[in-house]
Amino acid sequence: MSNEISFKKELICNFGFPVWDNPTEAMIEAAFEHHQMRFRYVTTEVTADNLKAAFEGVKAMGYKGFNCTIPHKVAIIKYLDGLGESADLMEAVNCVVEREGRYIGENTDGKGFLESLQSVSKPKGKKVVILGAGGAARAVSVELALSEVKDIVIVNRSKERGEGLIDLLKRKTSVPVQLILWKGDYQIPPDTDIVINCTSIGLSPNVVRVPVVTETLKKGMVVCDLIVNPPYTPFLAEAEAHGCTILDGLGMLVNQGKIAIKYWSGVEVDSLSCEKN
Ligand code: NDP
């Protein structure tokens, strides 16, 4: 056995722009430290123009993988060696994993949300309203469709993005779906079981209300908000005041991070270690 000390650590990073306000590094580094893993995670500012060069750099330096956030979740796909099942279904990648020299795109957002949701509701057979049709809404709606929810209503401001998500769900899943174009305050149908804010409305520093008719938030509904900064959003406060069960975005954030660490290292980390920072 060798007595030599290795200074080498496995490297992971996060591609995004802007990315300075993304809290993932604090969470993942806390888990690495707690579990005494020889890994480092670095937040990396990568503009759209530099995505290919940044990916080539990561490959040359033998990184074990990286996260992709705004605006790279779809653009990265053309450079990768393959896609895992969820990323293939969602046509979006938030986590890239090196496997025997091949860089494979995964999507852990939807699974992270689902695990969090299961602490307050079982999605099978439920009627769901999703506010928004961006990357997060894609991940959440595909994962809910795979969990056999009864139906999904997508409520979105722009027609193009809304239709894009409806088209994806129709092509890739068998869930009944409907698009509502968002104008003014949206009235949540009374038979809705789960409402999920997947828009960026409410994100700090623009902590503003989600335009829904608050009286249509009813006791018995589960109301979720993906925003993590601040986690207790005005939307969740209104829902709680109307007797709904609420779920913030922190559980999703931690869960998708845990799944990513397992992909990169094989190590199953505990949630508390991620929440330390
Ligand atoms: P995108 O930019 O892809 O999508 C944003 C969505 O929000 C679009 O549907 C957009 O509608 C809608 N939207 C934005 N502003 C308004 C507005 N004023 N009125 C109505 N609709 C609006 O972002 P993502 O889907 O990637 O992320 C959305 C949010 O989810 C982020 O802010 C992030 O904080 C959160 N998130 C949380 C995670 C977690 O782990 N908790 C993980 C991933 C994301 P339109 O098409 O009309 O522009």
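E148 and K124 form a salt bridge, with their closest N and O atoms 3.7 Å apart; the term denotes a side-chain nitrogen of Lys or Arg within 4 Å of a carboxyl oxygen of Asp or Glu. The structure is a predicted model, in which local features need pLDDT of at least 70 and side-chain atom pairs count only at pLDDT 80 or more, while totals for chains, interfaces and linings use all residues. Residues are numbered from 1 along each chain as its sequence is written, and side-chain values use heavy atoms, leaving out hydrogens and water.

**Salt bridges**

- The count of salt bridges comes to 15.
- Helices (H or I, at least four residues) and strands (E, at least two) are DSSP runs, numbered from the N terminus.
- K124 counts as exposed, at 59% relative accessibility; exposed means over 50% relative accessible area, buried under 20%, and partly exposed in between, with a 1.4 Å probe and protein chains only.
- D151 and K127 also meet in a salt bridge, at 2.7 Å from N to O. D151 lies in strand 8 and K127 in strand 7, so this pair ties together parts that are 24 residues apart in sequence. D151 is buried, with a relative accessible area of 17%.
- K262 pairs with E268 in a salt bridge whose closest N and O atoms are 3.5 Å apart. K262 is partly exposed at 36% relative accessible area, whereas E268 is exposed at 63%.
- Salt bridges that share partners join E91, D167, R171 and K172 into one network.

**Nonpolar cores**

- The largest nonpolar core has 31 residues, of which F113, I130, V140, L144, I152 and I196 touch the most other members. Such a core is a set of buried Ala, Val, Leu, Ile, Met, Phe, Trp, Tyr and Cys residues joined through side-chain atoms within 4.5 Å.
- Helix 5 provides the largest share of this core, 6 residues.
- Domain 1 (10–108 + 252–275) and domain 2 (110–249) each contribute at least three residues to this core; the domain bounds come from an automatic or database domain assignment.
- Not counting residues up to four places away in sequence, V140 touches G110, F113, I130, I196, C198, L226 and M252, where contact means heavy atoms within 4.5 Å.
- Another core, of 17 residues, lies apart from the largest one and includes V129, V212, V223 and C244.
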